[in-house]
Amino acid sequence: MGDVVLAIETSCDETAAAVVDGRRIASNVVASQAELHSVYGGVVPEVAARHHLTTVNAVVDRALDEAGVTLGDVDRIAVTRRPGLIGALLVGVATAKALAYATGKPLVMADHLHGHVAACWLEPLALDPPFVALTASGGHTRLDLVDDYAAPRLLGQTLDDAAGEAIDKGARLLGIPYPGGPGLEALAREGDRTAFDFPVGLRSRGPDQLDFSYAGVKTALLYATRDLGDDGVQARRADLAASYQEAIVRPLVDRLMLAADIHGVPAVSIGGGVAANGRLRELVEQAASGRGLRVAIPDRALCTDNAAMIGAAAAFTPAIPWPDYVGEDAIATAPPGGIAA
Ligand SMILES: Nc1ncnc2c1ncn2[C@@H]1O[C@H](COP(=O)(O)OP(=O)(O)OP(=O)(O)O)[C@@H](O)[C@H]1O
Ligand SMILES: [Mg+2]
């Protein structure tokens, strides 16, 4: 007996649907709106919501088709309830409620960040607790101790900007179009990561702290570009990108390893859009294998926003029986502690 979940994710600018059967991903469809928003240099919430509305049904149909199932084969429907852009979330929630209500199925209202952590539960990684999870994305940067997938426990988080936000803003300063992450990574590959000594946030707090700060490094890049002037920036773009990327990913790796040491876990994981970064993946792999830790690095498509991870979170989130969910709503903010399970 399988547990077939149809999952829907529309919290930001990806319209996504997936079918997950236990730990197996049967389909994972993502329609990105990135191009639509790139002319504005970032996500425009109203544009995102309207585009989800025109795309979501086709994306759901495709996820079912690719999985070779019909709605009738689905045991539960899951959707991202929070956190995210409220108009964008509402499209997914209304779609999922309608599908679940019309077919008499239970509904799981999942948490987006819980999804980023639970992505490692899926095959082929199939990571089981205990482990320390690093989640680094556009809106969040945090470490959790996962003794139980149902209740990740916050160990540390950013005190100001998220790593992805710093990456996107830095990319913009270097003239890289939105979304900045992949472009910054490509440019950084051609540069010298030791060329500029950008500050690592909260280093002065001592060796045992697990929080992050990215406001300082962002400002340092801004000042460096001002000092260099337009021509200087053009000449040193790749070096700036490489050094800046290094200053962002280094503390992620160091504090993930520190958290693993402090809590004595046998494994670590990474997730969220920034975990698609090749330099971060390489450094985490090296650091973990040097310590004899197992490391779970999801496929890039499972790091950036997707619905398979919401299907995974659904395995650890109570389902609401038909028809009790009709009054349930989307919520823009994260709950206290950051992850709702
Ligand atoms: N290859 C890459 N290198 C570095 N950063 C990347 C890469 N690919 C994507 N990112 C970054 O990941 C972030 C997007 O991650 P994700 O899609 O999980 O964010 P989000 O869903 O908007 O935010 P959250 O998950 O916090 O709600 C962006 O800041 C983007 O620049
Ligand atoms: Mg995300």
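This is a predicted model: local features need pLDDT of at least 70, side-chain atom pairs count only at pLDDT 80 or more; totals for chains, interfaces and linings use all residues.
Reader: Which residues come nearest to ligand 1?
Author: Of the 23 residues around ligand 1 (C-beta atom, placed from the backbone, within 6 Å of it), Gly138, Gly139, Gly164, Gly181 and Gly273 come nearest. Helices α4 (112–118), α5 (163–173) and α6 (180–188) each supply at least two residues of this shell, and α6 gives the most, with four. Helices (H or I, at least four residues) and strands (E, at least two) are DSSP runs, numbered from the N terminus.

Reader: Why is ligand 1 said to lie between domain 1 and domain 2?
Author: Domain 1 (4–117 + 304–314) and domain 2 (129–297), whose bounds come from an automatic or database domain assignment, both give residues to the shell, so ligand 1 lies between them. The centres of the two domains, taken over C-alpha atoms, are 27 Å apart. Their contact (C-beta atoms, placed from the backbone, within 7 Å) takes nine residues from domain 1 and 15 residues from domain 2.

Reader: What makes the buried residues of α6 line one face of the helix?
Author: Gly180, Gly181, Leu184, Glu185, Leu187 and Ala188 are the buried residues of α6, that is, each has 20 or more other C-beta atoms within 10 Å of its own; 12 or fewer would be exposed, and in between partly exposed, with C-beta atoms placed from the backbone. Seen down the axis, they fall within an arc of 165 degrees (of the directions from the helix axis to the C-beta atoms), so they line one face of α6. Their cover includes α5, α7 (215–263) and α8 (278–290).

Reader: What makes strand β6 mostly covered?
Author: Six of the six residues of β6 (residues 131–136) are buried. Phe131, Ala133 and Thr135 point one way, and Val132, Leu134 and Ala136 the other way.

Reader: With which strand does β6 pair in the parallel sense?
Author: That partner is β9 (residues 267–271), over four bridges; pairing requires at least two DSSP bridges, and the conclusion follows. Val132 stands opposite Val268 in β9.

Methods
Residues are numbered from 1 along each chain as its sequence is written. Chains are lettered from A and ligands numbered from 1 in the order in which they are written. Two residues are in contact if their C-beta atoms, placed from the backbone, lie within 7 Å.
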